[in-house]
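Visitor: I'm new to this one, and I'd like to learn how to read it. Could you walk me through it?

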Amino acid sequence: MTKEELISYIQENFSGKVELIENDMPEPYFLIEPKAIVAFSRFIHDDNKLIMHFLMNLSGVDTKENMEVVYNVCSYRLKHRLFFKTVLPHEKAEVDTVKEIWAVADWHEREAWELFGINFNGHPNLTRFLLPDDWDQGHPLRKDWVGRDVIPFPEGK
Amino acid sequence: MANKLHLETMQINMGPHHPSTHGVCRLILTIDGENIVECVPDIGFLHRSIEKICENRTYAQCIPMMDRFEYVTSMMCNWGFALATEKLTDLVVPERAEYLRVIMGELNRIASHLLCIGVTGLDLGALTPFLYTFREREDILDLFEMTCGQRLTYNYIRIGGVSRDIPPEFFPKCKEFLDKFGEKCDDYEKVLTENPIWIARNRNVGVITEQMVYDYAVSGPSARASGVNFDIRKHDPYSIYDRFDFKVPVFYGGDCYDRYRARMAEMRQSASIVRQALDQMPEGDVRCKVSPKFKPKVGEVYSRVENSRGEMGFHIISDGTVKPFRVRARGGSYNHLLVTPEIVRGLKIADLVAIFASLDIIMPEIDR
Amino acid sequence: MEILELAWIFEWLNENLLVPIVGDGEFGILVRNLILACSVFGLLSLIALCLVWWERKVSAHIQQRFGPMMTGWHGILQTVADAVKLIQKEDIVPALADRKVFFWAPVICFVCAFAAYIVIPFGDGLIVSDLNVGILYIIAITTFTIISLMMAGWGSNNKYALLGGMRSAAQAVSYEVPMALSILGVVMVTGSMSMQEIVKAQSAWYGFHWNIFFQPLGFVIYVIAATAEANRTPFDLPEAEQELVAGFNIEYSGMKFAMFFLAEFVNMFTVSAIATTVFLGGWNGPWLPSWFWFLIKTLGMVFLFMVFRWTYPRLRVDQLMEFAWKVLLPLAFLNILWVGLYEEVFSKW
């Protein structure tokens with residue numbers, strides 16, 4: 001499906017809960033309520049006209065005001081792509097896990113939890129894996145993070 | 001002796017310093033005799049936080065970081081990052097630079113597959129094919145050295161083009177390499193593909209089903225060995241790949257043997273792409289003018305390239321300043337290591353080694 | 001060519017030098033045996049050192065490289081340099097190792113590897129002791145090596161080493177059976193277990209009445225089983241570098257490692273020597289002196305084992321077992337059946 005077809009198809013089937021983010025990229029980009037993430041993921045994964053069975057990437061983002069989780073999915077069979085994200089409050093960043101839908105989300109979510117402090121409800125083992133086991137300096141990829149031993153990058157001319 | 005025999009499983013640490021974990025990966029194995037009951041990967045030994053470092057650098061300064069992201073195919077990492085940035089900036093890359101990118105990328109793919117095949121042989125106890133593949137890899141690295149002065153971390157593909165034009169002696173050398181490469185591939189086939197022990201070790205070992213490919217986002221040759229006909233170069237073309245005539249080799253077994261064969265077939269296709277690119281290459285600039293402190297427009301992009309280990313994607317968020325706001329790199333090995341515990345359950349330790357090698361897992365790509 | 005035979009030189013030395021000094025009483029025999037043992041030991045150590053160098057050269061040329069080139073002529077002193085390095089190295093014993101077992105394992109391995117040479121005929125009359133159960137003795141003593149490997153695996157207190165030791169035990173037990181059965185065919189023909197008798201039985205046809213021509217199947221079975229017996233690729237599972245890092249000898253360093261290493265090469269020479277004696281006519285051959293024929297044939301076999309190693313990948317442990325019990329064992333029985341038929345039916349025509 002082309003970008004326009006994808007947008008209209010998803011807005012038809014998921015009206016009200018999704019919000020389109022205008023961009024000039026070839027992929028449609030939606031903003032989803034945190035509560036609707038699992039339902040939306042389930043829908044695009046199972047729907048016969050979408051078959052978004054391939055989670056390319058899941059990244060946490062700290063926008064300074066909010067936390068975001070960005071999902072990049074595509075379909076190998078129908079060869080189209082779709083991006084969507086959800087916005088979470090900074091203090092209590094929580095979203096349901098999509099591990100049941102895309103098994104690969106397991107590690108991506110663990111990483112987002114570890115580096116951003118985004119909590120994924122229902123994820124069975126949110127444990128350290130990239131950082132050292134005795135890490136106690138918070139979530140390093142947050143924008144306001146100041147580590148104990150960090151030397152700031154010198155500002156070039 | 002009337003008591004029942006007391007049996008227990010044994011926990012064994014495979015890695016971080018183990019010859020066949022291809023870097024510093026630790027696999028915590030629970031084994032029952034020789035059979036693997038459970039395998040838990042423990043990663044992070046190579047974590048350099050490239051994503052955080054990139055947030056503190058300008059876009060142009062990020063390119064050398066990407067060399068370290070996955071050092072076996074640095075060209076493709078440079079390319080992936082440059083491609084994503086160019087999408088954000090609406091840069092038009094000169095024609096000649098595009099061809100140079102394709103040539104370097106495909107040569108790098110061949111080099112990477114040669115490494116994979118050689119190391120698979122090494123891991124299965126066949127030490128000779130390793131030396132054979134490295135002989136050809138050496139030729140490719142010489143070509144790279146001629147082009148950009150580096151043999152491992154190239155920093156060649158820059159935003160808006162490539163760093164410099166190729167020297168005139170590159171053409172005959174590259175042609176010479178391509179001419180003999182077909183024969184050398186036949187040699188590998190003779191040594192490995194028809195070897196009964198090789199077949200016995202690889203056939204029906206570590207089968208990844210088509211459903212697992214989707215669930216675990218397995219990509220690249222490993223996915224194509226499981227019957228998934230998807231190659232980003234063909235089905236979602238970037239750069240100028242739509243101008244070349246090449247096939248996407250697909251195999252249906254999903255086992256180690258088919259992954260090996262997929263790589264083998266892909267190398268031949270890559271060689272043909274390089275040959276076509278050499279023939280079609282136009283004259284002209286190799287770099288468009290980009291300020292080192294250019295500012296892309298505000299926006300968000302996810303762009304992917306077909307790496308030799310699968311899909312390599314870069315998710316970049318720009319806030320309009322000289323530095324990227326957020327960079328996330330995604331490599332194929334990440335998912336391949338995630339799927340490994342699923343497919344090794346119940347197999348032998350020796351099979352784990354074969355699977356690990358055939359999935360071509362490279363640790364820096366996982367830890368970043 | 002009689003002049004080049006070594007046996008009469010030894011006889012002459014014995015009669016003119018040794019007997020006048022130490023006499024031929026019990027003490028004399030003791031001294032004589034000690035000297036014999038030392039000379040065999042020295043010769044084999046030399047052979048093993050040369051084999052290490054040769055293996056490196058063979059592997060290098062198969063892999064299109066040079067191998068050692070800097071130490072001496074084509075790197076011939078490389079092994080000496082390695083040995084000197086290994087002797088100098090610190091002898092590390094893991095803290096929780098079973099020290100006695102850990103210490104004795106390489107010693108037993110080393111001793112067993114050399115003990116087999118008591119009954120191997122290096123040439124016409126060149127044999128330390130012609131036991132009448134020679135071949136049985138060899139099979140018994142080479143199997144003893146496995147105990148040392150298990151000791152090494154257990155004593156190191158390392159899980160990989162333990163796995164390696166277990167593998168070696170399983171492998172040796174399985175491959176001992178077809179190996180013994182394949183030799184049994186020759187014993188049936190010869191009617192004797194003495195090594196000298198076996199060689200002499202092959203001396204017809206100007207020294208070309210070799211058992212391999214009558215029992216090719218037995219020879220093939222023997223070669224495969226011997227590869228497993230000597231822990232060489234494709235059957236080098238006990239020390240698979242890529243799976244078990246180095247298997248049973250993972251914790252060994254310095255001289256203890258060198259003992260395992262030398263024993264491996266001596267073992268390879270042993271199985272080649274047995275193949276030569278049992279199947280390839282031993283020291284029989286025209287024109288050249290007998291010990292020379294023996295060396296040519298044995299080194300030829302060693303070369304075959306080396307080519308195996310640098311050509312094939314390694315088998316998996318269950319495939320190894322399956323191959324021994326489901327393929328080699330029935331074939332070995334078939335071979336015995338064939339030999340019996342041949343003896344009873346064809347040879348009487």
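This is a predicted model: local features need pLDDT of at least 70, side-chain atom pairs count only at pLDDT 80 or more; totals for chains, interfaces and linings use all residues.

Visitor: Between which chains are the most contacts?

Guide: Contact means heavy atoms within 4.5 Å. Two pairs of chains touch, and chains A and B have the most contacts. There, 46 residues of chain A are in contact with 46 residues of chain B. Chain A and chain C have no contact, and their closest C-alpha atoms lie 24 Å apart.

Visitor: How do I put a size on an interface?

Guide: The size is often given as the accessible area lost when the parts come together. Here, buried area is the accessible area (1.4 Å probe) that two parts lose on being put together, summed over both. For chain A and chain B that comes to about 3,900 Å², with 58% of it on carbon and sulfur atoms.

Visitor: How many salt bridges are there between chain A and chain B?

Guide: A salt bridge is a side-chain nitrogen of Lys or Arg within 4 Å of a carboxyl oxygen of Asp or Glu. Between chain A and chain B the count is four. One salt bridge joins A:Glu111 to B:Arg368, with the closest N and O atoms 2.2 Å apart.

Visitor: Which elements of chain A supply at least two residues of the side that touches chain B?

Guide: Helices (H or I, at least four residues) and strands (E, at least two) are DSSP runs, numbered from the N terminus. On this side of chain A, the elements are β3 (54-62), β4 (66-74), β5 (81-89) and α3 (105-116). The largest share, nine residues, comes from β3(A). By class, Ala, Val, Leu, Ile, Met, Phe, Trp, Tyr, Cys and Pro count as nonpolar, Asp, Glu, Lys and Arg as charged, and the others, Gly among them, as polar. The side of chain A that touches chain B has 24 nonpolar, eight polar and 14 charged residues.

Visitor: What is the pattern of chain A along the sequence?

Guide: Chain A has three helices and seven strands, in the order α-β-β-α-β-β-β-β-α-β. Its C-alpha trace spans about 50 × 45 × 25 Å along its principal axes. Inside chain A, the side chains of A:Lys85 and A:Glu68 meet in a salt bridge (3.2 Å, N to O). A:Lys85 lies in strand β5 of chain A and A:Glu68 in strand β4 of chain A, so the pair ties together parts that are 17 residues apart in sequence.

Visitor: And how many residues of chain C are in contact with chain B?

Guide: Here 24 residues of chain C are in contact with 33 residues of chain B. The two chains bury about 2,600 Å² between them, 60% of it on carbon and sulfur atoms. C:Gln242, C:Pro313 and C:Arg316 supply 25% of the area that chain C buries against chain B, more than any other three residues. The salt bridge count between chain C and chain B is two, and B:Glu34 and C:Arg167 meet in a salt bridge at 2.5 Å, N to O. On the side of chain C that touches chain B, α6(C) gives the most, with four residues.

Visitor: What lines the second largest pocket?

Guide: Its lining has 25 nonpolar, three polar and two charged residues. The largest share, twelve residues, comes from α2(C).

Notes: Residues are numbered from 1 along each chain as its sequence is written. Chains are lettered from A and ligands numbered from 1 in the order in which they are written. Side-chain values use heavy atoms; hydrogens and water are left out.
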